Amino acid sequence: MRIFDPHIHMTSRITDDYERMRAAGVRAVVEPAFWQGQPRTNVGSFLDYFDTLLGWEPYRAAQYGIQHRCALALNPKEAGDLRCAGVLAELPRYLLKDSVVAVGEVGYDSMTAREEEIFEAQLTMAAEADLPVLVHTPHRDKTAGTRRTLDVVAASGLPAGRVLVDHLNELTVGMVADSGCWMGFSIYPDTKMDPDRMVAILQEYGTARMLVNSAADWGRSDPLKTRQVADAMLAAGFTADDVARVLWHNPVAFYGQSGKLALDDHEAEAPAEYAGNTIKRG
Amino acid sequence: MNEWTTQAVRQTRADPESAHRLFPQAERKGGPRARPALLALLDAGTIEALYRNGDAGERLSILRALPDLDLGPAALPIVEDALRTNDTRLIAAALGPYGSRWLDDHAFRQGVLKCVFMSIPLAEVDGLDRRHDAELTRMLADHAAERRAAGRTVPEDVLERLR
């Protein structure tokens with residue numbers, strides 16, 4: 001089984017995770033830029049983070065036979081901090097990079113006017129850079145936040161097919177399905193969505209435009225949740241083709257709109273030293 | 001040279017600042033010869049700025065192009081930066097013909113030892129025979145002793161240097 005996790009924060013994970021992900025079938029990931037728990041206080045802090053997503057993290061992933069791409073943006077949690085506003089001026093040059101396959105995560109956290117302004121500015125940037133967009137939906141007041149998110153996306157003029165609206169649940173999936181945007185589901189141990197509920201949603205809404213991710217980060221989360229959804233799908237009677245569609249072909253089609261995805265499509269071999277100590281310390 | 005590269009070369013010649021926009025996309029749009037073609041038109045300051053703003057692929061392209069650019073020691077800060085990373089591709093490229101020509105003895109020896117630690121074959125270090133000295137031999141011998149004390153094997157390319 002070949003899995004593409006379209007949303008995972010690998011900078012927060014250890015090499016054991018990469019090893020287990022590879023064994024579970026994960027061959028490609030997209031890491032969107034988000035906050036790191038500790039708020040950043042200056043633009044340089046973001047640039048070093050972006051450089052990590054373009055340099056060290058893909059290098060680390062490759063040691064385990066996993067292809068790593070990223071999405072870059074000023075995230076909703078930090079969009080309200082004026083000290084970080086200068087990140088917007090730096091983003092256009094980063095969006096040119098080969099491994100940046102989307103703008104993201106953008107969207108709302110507390111649904112402030114400031115967040116909305118930065119969300120809209122980055123939708124414009126995505127149009128200019130010809131990149132798809134990964135949109136985070138807020139944890140608090142999610143249904144209203146998702147509705148307002150879809151209004152902002154519609155007003156931006158971006159084609160719905162170039163937008164992925166993430167962290168959906170039973171209450172928000174319907175409106176996103178109707179909008180024509182892609183639908184993302186983050187499968188978590190406690191919160192958000194679990195594998196069985198995910199299967200029920202796929203049974204009701206089908207597999208088109210559906211993406212499943214672990215969104216694993218520095219909090220309680222599990223990078224193998226994508227595989228658990230695949231297994232739950234098979235147990236519920238979905239075919240191997242259905243699983244491949246949700247867990248590989250859909251993310252490839254969505255991020256492929258960047259024109260830069262260029263995944264090694266045949267089974268990438270892990271490097272020879274995969275089983276040993278692969279991240280060398282010089 | 002493909003159409004994209006021809007256009008990019010023309011634009012960069014007219015306005016070197018346009019390299020900041022063109023260089024990151026050059027390999028994807030122009031193929032493997034596009035980045036070296038643009039670098040050949042730029043001064044050391046612009047090349048260093050491209051390196052600082054570059055992702056791992058751009059940095060690698062710059063390091064590999066250095067021997068063909070007539071920069072003298074001006075690009076040494078780039079090589080020193082690459083040697084501080086933990087990416088075997090960047091480190092090996094930093095110890096190509098340019099690094100071998102311009103790095104001082106201390107930095108060169110540290111680079112060679114770093115290759116040993118990161119399993120980069122010493123055959124990838126340019127000019128190692130020419131630059132090998134007694135101090136490097138001592139450092140490699142100490143490393144071999146440390147490996148043996150820990151019950152580990154000593155890489156063959158290190159043993160060869162100690163014979």
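How many disulfides are there over all chains? The count comes to zero. Keep in mind as you read on that this is a predicted model.

## The cysteines

A disulfide is a covalent bond between the sulfur atoms of two cysteines. To count here, the two sulfur atoms have to be within 2.5 Å. Now look at Cys70(A): the nearest cysteine sulfur belongs to Cys84(A), and it is 19 Å away. Cys70(A) is therefore in no disulfide.

Next, find the strands of chain A. Eight of them form an open sheet, in the order β1-β2-β3-β4-β5-β6-β7-β8, with parallel pairing. At the edges sit β1 (3–5) and β8 (210–213) of chain A, each of which pairs on one side only. On average, neighbouring strands of this sheet are turned by 25 degrees against each other, if you ignore direction.

For a close-up, pick β2 of chain A, which covers residues 26–32. This strand runs parallel to β3(A), and five bridges join the two. Ala28(A), for instance, has Gln67(A) in β3(A) as its bridge partner.

## A residue on strand β1

Back on strand β1 of chain A, you'll find Phe4(A). With a relative accessibility of 0%, Phe4(A) counts as buried. What is the distance in space between Phe4(A) and Pro251(A), which are 247 residues apart in sequence? From C-alpha to C-alpha, the two are 6.7 Å apart.

## The largest pocket

Finally, have a look at the largest pocket, with its volume of about 830 Å³. Its lining takes in 31 residues, and those nearest the centre are Asp98(A) and Ser99(A) along with Ala56(B), Gly57(B) and Arg89(B). By class, the lining has 13 nonpolar, eleven charged and seven polar residues.

Which elements supply at least two residues each to this lining? In chain A they are α3 (56–62) and β3 (67–72), while in chain B they are α2 (19–30), α3 (34–39) and α5 (56–65). α5(B) gives the most, with seven residues. Strand β3(A), a contributor here, is also the one that β2 of chain A joins through five bridges.

Technical notes
Residues are numbered from 1 along each chain as its sequence is written. Chains are lettered from A and ligands numbered from 1 in the order in which they are written. This is a predicted model: local features need pLDDT of at least 70, side-chain atom pairs count only at pLDDT 80 or more; totals for chains, interfaces and linings use all residues. Side-chain values use heavy atoms; hydrogens and water are left out. On a 1 Å grid over the protein atoms alone, a cavity is a set of points where a 1.4 Å probe fits but cannot get out, and a pocket is an open set with protein on both sides within 12 Å along at least five of seven lines; lining residues have an atom within 4 Å of a point. Grid points are joined across faces, edges and corners, and a volume is the space filled by probe spheres set on the points. Helices (H or I, at least four residues) and strands (E, at least two) are DSSP runs, numbered from the N terminus. Ala, Val, Leu, Ile, Met, Phe, Trp, Tyr, Cys and Pro count as nonpolar, Asp, Glu, Lys and Arg as charged, and the others, Gly among them, as polar. Two strands pair if DSSP finds at least two bridges between them. Axes are lines fitted to C-alpha atoms, for helices over the stretch in contact, and angles run from 0 to 180 degrees between N-to-C directions. Buried means under 20% relative accessible area, exposed over 50%, partly exposed in between (1.4 Å probe, protein chains only).
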